[in-house]
Amino acid sequence: METLSPQEITKLLADWHAGDADALERLAPLVYAELRRIARRQMGREREGHTLQATALVNEAYLRLAGGEALALQDRAHFYAVCAQVMRHVLVDHARGHARDKRGGGAPHVPLDEAANAAARDSDQLVALDEALRGLEEVDPRKARVVALRYFAGLGIEETAEVLGISPTTVRREWRRAKAWLYRAVAGGVREVEDEA
Amino acid sequence: MKPERWRQVDELFGQALERAPAERARFLDAACASDPSLRREVEEMLRCDERAEEFIETPVFGVAAALIGARAQRPASDQGSDGAKRSNGLSDSSSIDGSRFLPGDVLAGRYRVVGLLGRGGMGEVFRADDLKLKQPVALKFLPESLSNDGAALARFYQEVSVARQVSHRHVCRVYDVAEAEGSHFISMEYVRGESLSSLLKRIGRLPEDKAVVTARQLCAGLAAVHDAGVLHRDLKPANVMIDERGDVRITDFGIAALADDARGAEAPAGTPAYMSPEQLKGRELTTRSDIYSLGLVLYELFTGRRAFEAPSLRELLRLRRSESQPSSPSSHVKDLDPTVERVIFRCLERDPEKRPATALQVAAALPGGDPLAAALAAGETPSPEMVAAAPKDGALRPVAAVSLLAASLASLALVFVLSGEVLLNRWVPLNKPPEVLAERARAVARAAGQDAPPADTAYGFEDDIEFYRYVALHDGSMTRWEGLKSGQPALIQFWYRQSPQPLEPRAGIEVTPYDPERYLYTGMADVRLDTEGRLIELTVVPPELDETNAAVAEPDWAPLFVEAGLDIDKFRPSEPRWTPPVFADRRAAWEGVFPLRPETPLRVEAAGYRGRAVSFKLVAPWTKPYRMQPYLTDPGLKRLLMFIAAVFVTLIVAAAWLARRNFRLGRGDRRGASKLALFVFATRLAGGLVGASHVATFAGEAAVIFAAILRALFAASMLWLLYIALEPYVRRRAPHRLISWTRLLAGDWRDPLVGRDVLVGVLLGIWMNLFMWFAELSARGLGIAPDLQGITLDTLLGVGGVAPLLLGTQTTVPLLHGLGFAFMLFLLSLLLRGERRGTFAAWALMFGALAMQGAPPFALPFFAALAAAYIFVAARFGLLALTAAQFVFFMVEFYPYTTDPSAWYAGVTLFAAAVVTALAVYGFRVSLGGRALFRGGLLEDEGL
C-alpha cells in the first residue's frame, strides 16, 4: 500500500486552493480513506465505550498522508479544510440517510455508538445547518471557513487562527458572528419568535 | 441577503458586540440614523447572538469520526450501488467502503486509485491516475471467475486488442489490460459526466432536437466500433456516457460477452431489456444485433420510457420471449417526428436482415440526416460507409419495377427470336457435340495407322476467320452466308490432338491448336474436322527411329478423301506445293472444287512416309501458309501496338502512384478494395483451375496450378491497385454513383437500391447487344450484304469452357470497365469543368470509339443510342449498374443462343438465359424493398 508523496499532497492542496475543484475531488477520497483506515485500527484496539479521539485521528491522518514530514503552514491549513469537508460530507450524508430511514427508506439500519446516535437524532438539524453553511459561504466565505474548521474538523481557536493565518481574536470574533448568522438561518430568526411571545 | 448588505450589517454587528449590551441601542441610534432597516437587521443579529450561545459550540467532529469508524466495520455486502457509474468521486466517496482497493493504492505499478466509480454488471470500476502518462483513467475489473479461466481470458485479451484500435470522438477509448492482485482489469478513458440511464432517470426524455443530436453521435460511435470489427453486445443507456459537454461516449463495447463467459450460458448477461431477439435465443450475434439494441436505446432517448418494462426479471424475460412489440413511440410522445418512429421500428425488426445494415444508415434515416450531403458541402471526401448509408430510398415503385423486369425479360426473349438471324452458331450446322467429333477425329487417326490408345487428348472449336474475310470480300450478295449451312467449307472447325505423352499446356494454361509442341512426339496426331465431322486436315508424326526398313510406297489416299467427304475421282492430280510439317517420303496433290460450292476451287495436299499418310490438308483459296507469315509487316500497326503497350505501362505506373498517394492519405477504400481483390482472386482461381488443361504429371500439374494462382493474383492486385487509385475520386466528386455499389460491397445485397441498379444493368446489358443487332438487321433491310455475330466458341465445350469465361473475363472485365468508366466521367467533368459537359464528352468519346470500328453510316444512330443509354445509366445509376450491364452484355454476347431446345448446346443457352433472368428477378425482388406488389391482398381474394 502506498500513499501520496508529500509533494503530491502539497500540489493537490495548492491546486484546490487555487480554485481547482478537481483537486478536492481527488483529495477527499484519499483523506477519507486514510481516516477510515486509522479509525478501523483504533476501533479494533479500543472496544466499545471508547469514542474516537477526533483530533488524534485527524493528526494521524495528516501525518500519514504527509509522509511524516511537516507540510508548509499554508498546506496544513488546506489539509484541515479538506478534513473538514470530508467530515461534513460524511455527517450530512449520514444525516440524510437517517432522515430517509425515518420516512421509511430501505437502507439497513446500522447500530452506531452513542455519539453517532446523538448525531442521528439531530439529523434534520444537521441537514439544515449544512444548507445554512452553504448560504454563509456565499455571503461571507471566511466565516464559513472558520465554522467548518471549528465545527467539523474540531479545531480550537488557536489552531484555527494558525490554519487561516489570522489572529485568534479575529477568529473569536468571526466565530461568534457566524454562529449568530447560522442560528438565524437555522432557527428562522428570533424576531418572529419574540413577536409571537 | 446580498454580500454587500451583509458586510454592512456585519460591520455594525461586530462593533455592537464590542460594546456593553446597555450601550448598544445608543450606538445603533447613531450608526443607523438614516437606515432603519439596517438597524433592524443588526438588532436581529444581536438577538440571535444571545440565543446562539451554545449553538454548535461542541464540535461535531467526534461524531463524524465515530461514523467513519462505524462504517469501517460494516461488512462490504450492504454497500449497495445502482451500477450506474457516476464520475463524481466526492459524492460517491462513501461507496469506497468494502471495495477491493482503497484510494491511494497503486495497481500494477502504474495506476493510483482515486476512488470507486461504481459497480457494474461485471465488477468494480475505479477512477485512477495513470502515473506514467499523468492522466486520469477508469479501471474496470473483471469478475474473479473470469480471471481464472484461461480460454475466456485469451478471448478477453483478443477482444481488448481489437477494441483498443477504436478511436472515435463518441467512443470511450480502451487503453490497456493489466493485472493486480490476481484480478484483471482494463484501463480506459475516464469520462467525466453521467450515464444516459441516469440522465434519463433524472430528466425524463431529451427534447427532440437534442435527442436527434445525441442519437446521431450514438450511431457514429457505434459505427466506429463496428468498423473496427467489434460487436458491442451490451448496448444500453447505462453504457452510454454523456460527458461534460453533453456529448456521447459509448463504453464497455465488446467486453459484455465476457460476462456471459463468467456467468455460464443459461443466464444472459445484463438486463434482457436491451437484447435483440437473437441474443435472447442465444443465437449468433451480428452487427445487426447491436442495431436492435440501438433501436431500444433510441426508443428510450426519444420517449423517456423503456421499450420493454416489467416488474421483475422473470416477467421481463417472459415479455421479451413472447415476441411482443413495444408500443409505438408516438403513443408516448404526441408530436414525435414520424421519421424517428420509422427508424426505431426498422431497428426493432425481428428479422435481422430487415434492420438497417449499419449504424450510419440509422443516422442517415434520422430527421435532417444526410451525412453525405453534409460531407460534400464541407468539401470532404465521404467515407465508403457514409456513402453506403446515404439516405437514398431506393425502393422502386411497383409499377417501375414491374416495367423494368418485363422489359428485361421481353428483351431477352427478343435475343432468342433474333438469334437465328444474326448469330454464327445458327448458320453453321452444329449437329454433333464435341465428344462425338473427338471420337470421329480419333477414328481418322486410327485410319492413318495410329492404333495405340493415346495418353492424352485435347480438342476445341475454332472459327476460320480467313474464310469469313474471303466471303465478306468476294461475295456482296444478300445470300452470301447461305452456303455455311452445309458446313463445307467450314467456318467453325473442330481441332483435335492426341499424343502418346501427356500434353503440357502452354504457360500452364491450356493446350491450343497452334502449340509448337504439336509435332513433338512420334505418334502424335493433329486432326481438323468441320462441324459435320468431315476431315479438313490431318498430320501424324512419323517414327523418329525407323528400323523396319519398309519400302517407300504410295499410301492409299482414297480413304482420306472419303473422310473429307470428297470423291477422289473428281479431282485431278497436280504438282505438290505445300510441304508437310513432318518428314515424308512421298507427296501428292490434287485440284478440284468444293462439292457443294462448285464455284470455289479446292486443292488437296498430302504426304506419306513408308506407305502411310502423315499429312493431308484441304487448301482453299483463303488458306494461308501460316508457317511463313511475316511478323508485323505494317509499320503503322507495329507502332500502334508499341503505343498501346506504352500506354498500358504508363497507366499502371500512374495508377500505382495514385494508389500510393491515396493509400498514404488514408483516402482509399482499403476494405472495399480488399474485398474486391479477394473476390476476383477467388473467382479467377476457380475459373482458371476448372478451365485449365490439366496434366497427369506432378511437374505439369504444378505448373498449371502455379499459373492459375499467378494469373488470379495478377488480376486481383491490378484491380486492387486501380480501385485504391480511382475510387476515391469518384467517391469525392460523385458519391451518388457509388451508393448501391458500396452497399453491395458491405454485404448488403438485399438493399433495394442494389436491386434497382442490378435490374437497370440487366436491361442495359441486353440492349447493348440488341442495339448492335438492330444495326445489322436494319442494314439488311437496306439491302446491304449481311454480317454475322460471332460467339465465344469455348462456351460450346460445356463447364470446362464456360467456367473460365464466366469466372474470369466475364467477371473481372466488367469490374474494370465500370470503375474505369466512372473515373473517366469524373475526369472529363473535372477537365471540362462541368458535370453536363463531362457527360456529353464521355458520350462523344464512346460514340466515336464505336463508329471508328468501321461502322457504316446507317449504323451510327444505333451506336449513338447505345452510347447514350450507356452514359445515362453510368451517370444516373452509377458503378453497380454499369458493372451489371457489362456482365449481362457478355452473358448475351459470348453464348450460343438458340431456339432449338433439342440442340446439344441448348443447356449452355439455358444456363446463360437463366443467369440473366435470375439477375433480373433478383434485382426486381430486392428493388421493391419488401413492398407488396399487389395492394389490398388481391391474390388472397382470388384464392378464396
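Two residues are in contact here if their C-beta atoms, placed from the backbone, lie within 7 Å. With that in mind, select L294(B) and show its surroundings. Not counting residues up to four places away in sequence, L294(B) touches L218(B), L222(B), L235(B), C347(B), A359(B) and V362(B). Bear in mind throughout that this is a predicted model.

**The cores**

L294(B) belongs to the largest nonpolar core, which has 234 residues. Select C219(B), L719(B), V762(B) and V888(B) as well: together with L294(B), these touch the most other members of that core. Next, colour residues 752-781 of chain B. This is helix α26, which gives the most to the core, with 16 residues. Another core, of 55 residues, lies apart from the largest one. To find it, select V31(A), A84(A), A144(A) and A153(A), which are among its members. As background, nonpolar side chains in soluble globular proteins tend to be buried together.

**The two chains**

Chain A has 10 helices and zero strands. Of its 197 residues, 44% are buried. Among contacts in chain A with a separation of 6 or more, 70% are between residues 24 or more positions apart.

Switch to chain B, which has 944 residues, 45% of them buried. Its secondary structure consists of 32 helices and 17 strands. For contacts in chain B between residues at least 6 apart in sequence, 70% join residues at least 24 apart. The remaining stops are in chain B.

Select residues 193-195, 240-243 and 248-250 of chain B, which are β7, β8 and β9. They form an open sheet in the order β7-β8-β9, with antiparallel pairing. At the edges are β7(B) and β9(B), each of which pairs on one side only. From one strand to the next, the twist averages 30°. Between β8(B) and β9(B) there are three bridges; to see one pair, pick M241(B), whose bridge partner in β9(B) is R249(B).

Is N239(B) buried or exposed? It has 25 C-beta neighbours inside 10 Å, and 20 or more are enough, so N239(B) counts as buried. Leaving aside neighbours within four places in sequence, its contacts are D234(B), I250(B), T251(B) and D252(B). T251(B) is 12 residues from N239(B) in sequence, and their C-alpha atoms are 5.3 Å apart.

**A hairpin**

Select residues 174-180 and 183-189 of chain B, strands β5 and β6, which run antiparallel and are joined by six bridges. Within the pair, A178(B) stands opposite F185(B). Two residues lie between the strands of this hairpin, and E181(B) takes a positive phi near 45°.

**An eight-stranded sheet**

Move to the open sheet with the strand order β10-β11-β12-β13-β17-β16-β15-β14 in chain B, paired antiparallel. Its edge strands are β10 (456-463) and β14 (572-574) of chain B. On average, and with direction ignored, neighbouring strands are turned by 20° against each other. Zoom in on β16 (597-609) and β17 (612-619) of chain B, which pair over seven bridges. There, G608(B) stands opposite A613(B) in β17(B). Then show residues 434-447, helix α19 of chain B, which packs on the sheet and touches β10, β11, β12 and β13. Its direction makes about 125° with that of β12(B).

**A helix with one buried face**

For the last stop, select residues 835-851 of chain B, helix α28, which has 17 residues. At 1.5 Å a residue, α28(B) should span 24 Å, and its end C-alpha atoms are 24 Å apart, which agrees. Which residues of α28(B) are buried? They are G838(B), A842(B), M846(B) and L850(B). Look down the axis: the buried residues of α28(B) fall within an arc of 110°, so they line one face of the helix. These buried residues pack against α27 (799-831) and α29 (860-876) of chain B. The face turned away from the buried side carries the exposed residues R836(B) and G848(B).

Conventions: Residues numbered from 1 in each chain as written. Chains lettered and ligands numbered in written order. Predicted model: local features only at pLDDT ≥ 70, side-chain atom pairs only at ≥ 80, totals over all residues. Helix = DSSP H or I, 4+ residues; strand = E, 2+ residues; numbered from the N terminus. Buried ≥ 20, exposed ≤ 12 C-beta atoms within 10 Å, placed from the backbone. Expected span 1.5 Å × (residues − 1). Arc of directions from axis to C-beta. Pairing = 2+ DSSP bridges. Axes fitted to C-alpha atoms, helices over the stretch in contact; angles between N-to-C directions. Core = buried A, V, L, I, M, F, W, Y, C linked by C-beta atoms within 7 Å.
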